[in-house]
Amino acid sequence: DFSTSPPTPLPDLSALPPSHQQVLLLACNCGYLYLQLTAPPTHTNPNSGSVSSSFNSSLSSSLSSYHALIASVETSINTPSPLPPTFCKLTVRSLYVRLRKPLLNLRLLLTLQNSVRGMEGGVITQVAQLHCRHGNGERRRVVEGVVEGCRKGTWRKMIRWCTEGEIEGAEFFVKEDASVTGGDVWGERYKLDVNSVIPGVSVQMAEEVRRLGRGINFLKICCGRVEGGIGGT
């Protein structure tokens, strides 16, 4: 039991065949990695924004296949074998086969989670994207699913900025300097933060997004609020 402090030690497995010991340790390893992934953070940042939330949500969604596996294993345990003697349908060999791939995915997700710990904004997506540079297609598929989930928060911010001229939250590659007023608003108030640009958005495209939203924002400041921005067109 890894949820207790200190963890409850494993019982003596020396009486079991080596193959059974290996499968039990494999199952314990899966449980340990799962607890590490789902454990609440030791410290929370009250200023963490939508990218961090999107990353955590995407990471949780990636565990859905593992939840389905656990449900399937429970069903097999409760299903009697059709062959004598009457034991459960689950065998040591089948459990080993079922857990091998989930174990690798859990290790990958935990590595991904640890690599972005303490980061914010587009940097999270940039670091996560680096894990896609791997020759294993399955590994890339898992990481790309998490990265795509990270992008959702930024897509929403881009849409609002390009249609309403408003910045939502702090984790966006267009930064506002509220101290700039008067005649300097057009040229100095909104700047592009290259380090916050997410993968999939080039610096050139990010600059075009900045200019588009800046124009709508400038019209609001000079001409009063434009109801609905351009979202209805």
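**Note on the predicted model: aromatic pairs and helix packing**

1. A search of the whole structure, which is a predicted model, finds three aromatic pairs (rings of Phe, Tyr and Trp, the last by its six-membered ring, with centres within 6.5 Å).

2. Residues are numbered from 1 along each chain as its sequence is written. Local features need pLDDT of at least 70 and side-chain atom pairs pLDDT 80 or more, whereas totals for chains, interfaces and linings use all residues; side-chain values use heavy atoms, without hydrogens and water.

3. The protein chain contains eight helices and two strands (DSSP runs numbered from the N terminus: helices are H or I of at least four residues, strands E of at least two). From the N terminus on, their order is α-α-α-α-α-α-β-α-β-α.

4. Of the 233 residues in the protein chain, 34% are buried. The chain exposes about 13900 Å², of which carbon and sulfur atoms supply 57% (Shrake-Rupley method, 1.4 Å probe). Among contacts between residues at least 6 apart in sequence, 62% join residues at least 24 apart (contact means heavy atoms within 4.5 Å).

5. Helix H4 (residues 92–115) packs on helix H6 (residues 137–164) at an angle of about 45°, with the axes 11 Å apart (axes are lines fitted to C-alpha atoms over the stretch in contact; angles run from 0 to 180 degrees between N-to-C directions). That angle makes H4 oblique to H6 (under 35 degrees is roughly parallel, over 145 roughly antiparallel, 65 to 115 roughly perpendicular and the rest oblique). The crossing is right-handed (the near helix is turned clockwise from the far one by less than a right angle).

6. On the H4 side, Lys101, Asn105, Leu108, Leu109 and Leu112 meet Glu138, Arg139, Val142, Val143 and Val146 of H6. Asn105 is buried, with a relative accessible area of 17%. Leaving aside residues up to four places away in sequence, Asn105 touches Glu138 and Val142.

7. Helix H5 (residues 122–130) has Gly122, Ile124, Thr125, Val127 and Ala128 buried. These buried residues pack against helix H2 (50–61), H4 and H6.

How values were computed: Buried < 20%, exposed > 50% of the residue type's maximum accessible area, 1.4 Å probe, protein only. Phe/Tyr/Trp six-rings, centres within 6.5 Å; stacked < 30°, edge-to-face > 60°.
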